[in-house]
Amino acid sequence: MSRRWIASREYQAAGTRSKFTVRIGEPTLGSHREWNCEIEIAGAGLDINTSAIGEDSLQALLLGLSKLSIILETEPRLRGLSWLGQPGAFIELVGRSSA
């Protein structure tokens, strides 16, 4: 089954003109009733493919976005990345207080 990318963003690598693209896939239902959300980071010498698994499609998607954010913040080859000329990944999930 081929992946269907539902969102993507192009970043610039630190100190270069090289660009790389991140993509997040449409959550798909696995053979054991788990949901899987594919993540890809490619370009500028990068080839990172991973996924996040959830109990339903929404959880898989949210975990996929969270995992992507963590990778962009912690992967040494991505330090200093920028988007739209501004440093940073700009992938934040807005939380809501339980109060």
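**Fold, core and surface of the chain**

The accessible surface of the chain is about 6,700 Å², and 50% of this area belongs to carbon and sulfur atoms; areas were computed by the Shrake-Rupley method with a 1.4 Å probe, and for residues only the protein chains shown count as cover. The structure is a predicted model, in which local features need pLDDT of at least 70 and side-chain atom pairs count only at pLDDT 80 or more, while totals for chains, interfaces and linings use all residues. Residues are numbered from 1 along each chain as its sequence is written, and side-chain values use heavy atoms, with hydrogens and water left out.

The chain contains 1 helix and 7 strands, where helices (H or I, at least four residues) and strands (E, at least two) are DSSP runs numbered from the N terminus. Their order from the N terminus is β-β-β-β-β-α-β-β. Along the principal axes, the C-alpha atoms fill a box of roughly 45 × 45 × 20 Å. Of the contacts (heavy atoms within 4.5 Å) between residues at least 6 apart in sequence, 37% join residues at least 24 apart.

Buried residues account for 30% of the 99 residues; buried means under 20% relative accessible area, exposed over 50%, and partly exposed in between, with a 1.4 Å probe and protein chains only. The largest nonpolar core has 18 residues, and those with the most contacts inside it are Tyr11, Phe20, Ile41, Leu72 and Leu78. Two or more residues each are given to this core by β2 (19-25), β4 (35-43), β5 (46-54) and α1, with α1 giving the most, 4 residues. A nonpolar core is defined as a set of buried Ala, Val, Leu, Ile, Met, Phe, Trp, Tyr and Cys residues joined through side-chain atoms within 4.5 Å.

Strands β4 and β5 run antiparallel and are joined by 9 bridges; two strands pair if DSSP finds at least two bridges between them. Glutamate 40 has asparagine 49 of β5 as its bridge partner. The β4-β5 hairpin has 2 residues between the strands, and alanine 44 takes a positive phi near 55° there.

Leucine 58 lies in helix α1 (residues 57-74) and is exposed, with a relative accessible area of 52%.
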